[in-house]
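Here is a predicted model, taken up in questions and answers.

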Amino acid sequence: MNFNEVYEHYNINPAFDELINDAERSLSDNFNKLEEISEFNQLKVLKAFNKHNLNTQDFISATGYGYADTGREKVEEIFADIFKSEDALVRPSIVAGTHALSLVLFSLLNHGDKMVAVTDDPYDTMQQVIGIAGDKKGNLISKGISYDKLTLDENNLIDYKNISKVVDKDTKLALIQRSTGYTQRRAFTIAEIEKAVKEIKKANPKTIVFVDNCYGEFTEDKEPIEVGADIVAGSLIKNLGGGIAITGGYICGKSDLIEYCSNTLTAPGIGKDEGLSFGTTRNVLQGLYFAPHIVKEAIKVGSLFGKVFEDYGYNVIPKVDDPRSDIVQSIIFNNPEKVITFCKSIQEAATVDSNLVPEPFPMPGYEDPVIMAAGGFVEGSTSELSADGPLREPYVGYLQGGLNYYHGKHALKCVLSNFKKLGYI
C-alpha cells in the first residue's frame with residue numbers, strides 16, 4: 001500500500017514506518033488486554049440500555065421546566081446502573097469536569113468543614129476552586145472550609161500508612177484524584193483507590209470519599225464506587241462522551257449526596273425534577289455507547305507514543321509496562337520548545353482546525369501559560385486527539401484521546417518528523 005501522497009502532504013518522513021511497526025509488535029500483549037477490558041465495558045453499557053428499556057421516545061426533547069423530559073431520567077438511571085451507584089446527576093448544565101467536581105464540593109461542604117486531598121494537591125483548575133492558588137471570589141477557603149493534603153510517597157504513590165495523620169474525626173470529605181493531571185505520576189488504579197478508601201474509612205468511617213474520575217472511566221473493568229467510594233464526578237466531553245456528546249458532566253453516588261448536588265445545581269425543592277436536556281439525550285447515550293471502544297483506542301495511541309518516546313530515551317509516564325488507569329500519556333521533555341513543537345505537530349494532524357498554530361497563553365483556571373492542541377469535532381473534547389502542557393518545569397507534554405488508533409499513529413509520525421528536523425531525536 002502506497003502512503004506517499006499522504007506523507008508528502010504532511011511532510012512525514014517514511015523512515016519512521018518500521019520503527020512504529022516494531023513498537024506495535026512489542027505492544028501486542030498490552031493491546032490484547034485492552035480489547036478484553038473494552039469488550040467487558042461495552043457489554044456493561046448494552047446491558048444498562050436494555051435493562052432500562054431505552055426507547056426512541058426517550059430522545060424527544062421537552063421544553064420549559066422539563067417535567068416531561070423522560071430521556072433525562074433515563075440517562076441518569078443508565079449512568080447509575082453502569083457506575084453501580086444509588087443515583088446519578090447527568091446534565092448539560094454541568095459545563096466541564098471542573099464544574100462537576102466543584103459542584104460536589106460546594107454541595108457537600110459547609111462553613112467549618114474540613115476536606116483533605118489524599119493524592120496531593122489536585123489539578124490546576126481545582127486549586128483555584130479550593131483557594132490554594134489564585135484569589136478567586138467565592139472559593140472554598142473563603143467560605144470557611146479548611147483544606148489539607150497528603151503528599152505522595154517517594155515513589156509518587158499514595159502514602160497509605162499516613163492517611164490517618166490527615167484524615168481525622170473532623171474530616172468531612174476526602175478527595176482522590178484518579179488521573180495524572182499536570183503532575184509527574186501515573187494514574188491511580190482501581191486497586192490503589194480501593195486501598196486508599198479502606199484507609200480513609202478506617203481513620204473516619206463518616207468521611208465522604210470523593211473520586212475525581214476524569215479521564216479514568218472505562219480504562220478498567222470497575223469504577224471507584226464499586227470499591228467503596230461514596231461519590232464520583234467527571235466530564236462528558238472526555239472518556240464517556242465517545243467524541244459525540246457536545247457538552248455536560250456527571251455525578252454518581254449515594255442518593256443523599258446526589259440530592260445535595262442536585263439542590264445546589266437547581267434549588268432545594270426542585271432538585272432533579274427540573275432541568276432540560278436541551279436535546280442532548282441522543283448524543284449523550286450514543287457517545288456512551290461508543291465510549292468503551294474510544295477509550296481503548298485512546299489508550300492504544302498513548303501506549304504507542306509512550307513506547308516510541310521511551311525508546312528514544314525520553315522519560316514517559318506511565319511507562320510501557322506500568323498499569324494504566326486513565327487515557328493520558330505524559331512525555332517529559334525538559335525543554336519548553338519541545339513541548340511547543342509537540343503540541344503544534346499534534347495540531348497539524350488534527351481533524352478540525354489543522355491550519356491553526358497553537359501558542360502558549362494564559363487560560364482561565366491556570367497559573368502558568370498553557371499550550372493546547374485541540375482540533376476536534378467537539379471543542380475542547382479530550383476524548384478526541386489532543387495535547388497540552390503548562391509552560392513550567394520540567395516541561396511535560398500531555399497527550400490525550402484519539403477517536404481511532406490510525407489517526408493517533410498518523411499524528412505520531414507527524415511529531416517524529418518534526419522532531420527529527422529540529423534534532424530532538
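Q: What makes both faces of strand 9 (residues 329-332) count as covered?
A: In this predicted model, Gln 329 and Ile 331 are buried on one side of strand 9, and Ser 330 and Ile 332 are buried on the other. Buried means under 20% relative accessible area. Residues on both sides meet that cut-off, so both faces are covered.

Q: How do you know that strand 9 pairs with strand 8 (residues 315-317)?
A: Pairing needs at least two bridges. Strand 8 and strand 9 have three, in the antiparallel sense.

Q: How many bridges join strand 9 to strand 12 (residues 396-400)?
A: Four, and the two strands run antiparallel. Ser 330 has Tyr 398 of strand 12 as its bridge partner.

Q: Why is helix 5 called roughly perpendicular to helix 9?
A: Helix 5 (residues 97-108) packs against helix 9 (residues 255-265) at about 105°, with the axes 9 Å apart. Angles of 65 to 115 degrees count as roughly perpendicular. The angle falls in that range, so the name applies.

Q: Which residues meet where helix 5 touches helix 9?
A: Helix 5 brings Leu 103, Val 104, Ser 107 and Leu 108. Helix 9 brings Leu 257, Tyr 260, Cys 261, Thr 264 and Leu 265. By class, this contact has seven nonpolar residues, two polar and no charged.

Q: Why are helix 4 and helix 10 called roughly parallel?
A: The axes of helix 4 (residues 70-83) and helix 10 (residues 281-311) cross at roughly 20° and come within 10 Å. Under 35 degrees counts as roughly parallel. The pair is therefore roughly parallel. The crossing is left-handed.

Q: What residues make up the contact of helix 4 with helix 10?
A: From helix 4 come Gly 71, Arg 72, Val 75, Ile 78, Phe 79 and Ile 82. They meet Thr 281, Val 284, Leu 285 and Leu 288 of helix 10. The classes are seven nonpolar, two polar and one charged.

Q: What makes strand 1 and strand 3 edge strands?
A: The open sheet has seven strands in the order 1-7-6-5-4-2-3, with mixed pairing. Strand 1 (87-91) and strand 3 (146-149) each pair on one side only. Neighbouring strands of this sheet are turned by 20° against each other on average, direction ignored.

Q: Why is strand 4 described as largely enclosed?
A: Six of its seven residues are buried, so the rest of the structure largely encloses strand 4.

Q: How do you know that strand 4 pairs with strand 5 and with strand 2?
A: Strand 4 (residues 171-177) has five to strand 5 (residues 208-212), running parallel. Strand 2 (residues 114-117) pairs with strand 4 over four bridges, also in the parallel sense. Leu 173 takes part in both pairings: Met 115 has Leu 173 as its bridge partner in strand 4, and Leu 173 has Ile 208 as its partner in strand 5. Gln 177 is bridged to Asp 212 of strand 5.

Q: Which helices lie on these strands?
A: Among them are helix 4 and helix 8. Helix 4 lies across strand 1, strand 6 (231-235) and strand 7 (249-253), at about 130° to strand 1. Helix 8 (residues 190-203) packs on the sheet and touches strand 4 and strand 5. Its direction makes about 170° with that of strand 4.

Key: Residues are numbered from 1 along each chain as its sequence is written. This is a predicted model: local features need pLDDT of at least 70, side-chain atom pairs count only at pLDDT 80 or more; totals for chains, interfaces and linings use all residues. Side-chain values use heavy atoms; hydrogens and water are left out. Axes are lines fitted to C-alpha atoms, for helices over the stretch in contact, and angles run from 0 to 180 degrees between N-to-C directions. Angles under 35 degrees count as roughly parallel, over 145 as roughly antiparallel, 65 to 115 as roughly perpendicular and the rest as oblique. Contact means heavy atoms within 4.5 Å. Ala, Val, Leu, Ile, Met, Phe, Trp, Tyr, Cys and Pro count as nonpolar, Asp, Glu, Lys and Arg as charged, and the others, Gly among them, as polar. A crossing is left-handed if the near helix is turned anticlockwise from the far one by less than a right angle, and right-handed if clockwise. Buried means under 20% relative accessible area, exposed over 50%, partly exposed in between (1.4 Å probe, protein chains only).
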